[in-house]
There are 2 protein chains.
Amino acid sequence: MKLVEGGITAVPGIFAAGISAGIKKTAVPDLALIVSESDAVIAGVLTRNKVAAAPVLLARQRLRGGRARAILANSGNANACTGRPGIADAREMAALAAGLLGCSADHVFVGSTGVIGQPLPMDRIRAAIPRLVSQLSRQGGREAARAIMTTDTTIKMAAATESIAGRQITLGGIAKGSGMIHPDMATMLAYLVTDAHISRAMLQRALRMAMVQSFNRIPLDGDTSTNDMVLCLANGLAGNQSFSTTGSDGRRFQELLNTVCQDLAKMIARDGEGATKFVTKFVELRVTGARTETDALRVANTVATSSLVKTAWFGQDSNWGRIMAAIGRAGVTIRENRIAISYGDIPVVRRGIGLGQAAEVQANVVLRQREFTLTVHLGQGRAAATVWTSDLTLDYVKINASYRS
Amino acid sequence: MKLVEGGITAVPGIFAAGISAGIKKTAVPDLALIVSESDAVIAGVLTRNKVAAAPVLLARQRLRGGRARAILANSGNANACTGRPGIADAREMAALAAGLLGCSADHVFVGSTGVIGQPLPMDRIRAAIPRLVSQLSRQGGREAARAIMTTDTTIKMAAATESIAGRQITLGGIAKGSGMIHPDMATMLAYLVTDAHISRAMLQRALRMAMVQSFNRIPLDGDTSTNDMVLCLANGLAGNQSFSTTGSDGRRFQELLNTVCQDLAKMIARDGEGATKFVTKFVELRVTGARTETDALRVANTVATSSLVKTAWFGQDSNWGRIMAAIGRAGVTIRENRIAISYGDIPVVRRGIGLGQAAEVQANVVLRQREFTLTVHLGQGRAAATVWTSDLTLDYVKINASYRS
């Protein structure tokens, strides 16, 4: 496998664009379009939140058809809690794009992220769609990625290529979101495209598998926002032969998808709402020695979402007591006196007891880095899980007190 | 029922004191003692965290005996993750106090709150206990309440009196804790005393009932910190006749206990780590129209612990979209188009849809108050639940980044 530049437009047959349609208050990009030059199959994972936005409800219907030509996504307005008019707006967006692209409206998916409960400024969107279509290009991946950002501070795009079933297959994606505080992150959107020739059922299965290894590890779990949406479109232009899920080609395709999703997920965790260049910590949290992977993940998520642990990281304080307390309430069978904790290579807890001031001073040096690893060993078995997270900063509170999500 | 002054020492036969033993870095009170002049029964609810501090393990044993004379509690050090030496220290603290009080060591309970993973400074504690005992008085309730504070900004004490089974019965309590961010609050301690003559079993049942109506409603749920502990001691000095749980005397006793616990719980929610005089919001959150009380509580807790909702309150922004998103992920069956939301008397959502800019502007006026009510109506049934919570402030992050819990 090889990482490549270009994000979604690294993939043959994919055109993209991103422009300012005037949905956001300032003249920044807020409308993105991704188009496949030929018909594609599509798979998707949508929010499990019972308050689902209009574009999510529409995608739920259209995923049953399983075919797609385009994805039209806006930032600045979530089109959530907007009732029937909101659904009509989402449908109209798809229809307008479909008209200009010459495809069925059912083959256009819509995504939205931004303020909840405001009607979309449809006049502006109607006016913008022709301009957006006219700007579609084979270099537009970055512009599309930029146009779906809300409080994101970085553009999130990734692509990789791999030899599968006799052909070089490319897979790219863009994403938007922040892993800052689970279960309260802002909306997560990810749009993946590939030129693989693959059945819709296989693509759906592979996407679910990839989610578990990527976006579900950052701790945001896809069921939280009203608008969360991950779509993967495969246009088959690579012309590869069919392959099976269980064979080596299937495994390579899964790895390709996992890699791109994981890269995007880490970018989300690394960004984190409220991230500023110098204070935010990116933490790889490994839980080992668990009885089951579920146990390992539960402990990892509890530690990774503890506000007390995360503020301690912000304070560059190894404060392992807060980690022990989080482990203890994870709902997993543990023995306190078997737990070991390390920051980077520095052990701070062994057999459930702190290793003293000197160890903590060394650990605090690790915590001064922008990125570090935290390992929690439970001493209960052989299962493990890794998640990626960040600290809880003053800017998180500042941004979310003033930003309207 | 009548609220009275004096906290725990409003109760006949209860002596208390609080002094600085030098456990904390600064010379502030950090060691408290509560003593009943005569033997008492004791009930307790302890943390469900699997990493339980030494004093919790000791209390778990001693609650089986069910009798007590005294509670000795320190702040500044949690005596958690301290292994066998920690348990020996907790035992020694109890034994030292028992020696001076002339009672069995098994009848002295110990509580701790503060930094995890540091050995207690036993030299200082040994030196302080005789001084502490010598300062016991019938006016010492406030000093004891002060000595168990950590990041608390207010002393938490309450007492009330009620005619039960032919006598005037008094019940008082002190507490320590902050409801700031569930499930990450610092340790919650509450020590209740009463002169009621009541069986240990009845007292235990009443205490559990009271917990559900008070400390479990602020959203901190008693299973989170390594040190959480609620004890209730009843010395029987009122000389009342026995009464049954189900009769009117039993109901009045339950109300007396509920009232004092609820007062203390609200003080905790109102304090909130990082509370500063002018920015923190105290929010009474009512969920109505739920199918069951469990559903109502689940929705209430999800909204009350949403970082996005709480930062919006800090920003004095009614931002009902974040509330809708929280309701949707509470794991409860809802219909989006039946939901209504009001701040104070100002409706902002009806049938799942926002009532527009004018309503929000009015709601934002409500949000400028230091205390306000938020009502979420689910339109699913007739069950309801109320919880008390606060906003998420910049000071929360500041304090927890620098404070060693």
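Which residues touch the most other members of the largest nonpolar core? Select A:Leu33, A:Ile34, B:Leu33 and B:Ile34: of the 292 residues in that core, these touch the most other members. (A nonpolar core here is a set of buried Ala, Val, Leu, Ile, Met, Phe, Trp, Tyr and Cys residues joined through C-beta atoms within 7 Å; buried means 20 or more other C-beta atoms within 10 Å of a residue's own, exposed 12 or fewer, partly exposed in between, with C-beta atoms placed from the backbone.)

Before going on, note that this is a predicted model, where local features need pLDDT of at least 70 and side-chain atom pairs count only at pLDDT 80 or more, while totals for chains, interfaces and linings use all residues. Residues are numbered from 1 along each chain as its sequence is written, and chains are lettered from A and ligands numbered from 1 in the order in which they are written.

Stay on B:Leu33 and show its contacts (C-beta atoms, placed from the backbone, within 7 Å). Leaving aside neighbours within four places in sequence, B:Leu33 meets B:Ala16, B:Ala17, B:Ala70, B:Leu72, B:Ala97, B:Leu132, B:Val133, B:Leu136 and B:Ala144.

Next, select residues 293-304 of chain B, which form helix 7. (Helices are DSSP runs of H or I, at least four residues, and strands are runs of E, at least two, numbered from the N terminus.) Nine of the 12 residues in this helix are buried, including B:Leu297, B:Val299 and B:Val303. The buried residues pack against strands 10, 14 and 15 and helices 8 and 9 of chain B.

Now hop to chain A and show its open sheet of six strands, ordered 13-12-11-14-10-15 with mixed pairing. Strand 13 (353-354) and strand 15 (383-390) of chain A are at the edges with a single partner strand each, so one side of each lacks a neighbour in the sheet. (Strands pair if DSSP finds at least two bridges between them.) Zoom in on strands 11 (340-343) and 12 (346-350) of chain A, which run antiparallel and are joined by three bridges. There, A:Tyr343 stands opposite A:Ile346.

Finally, zoom out to chain A, with its 11 helices and 15 strands. Of its 405 residues, 62% count as buried.

Note on methods
Expected span 1.5 Å × (residues − 1). Contact = placed C-beta atoms within 7 Å.
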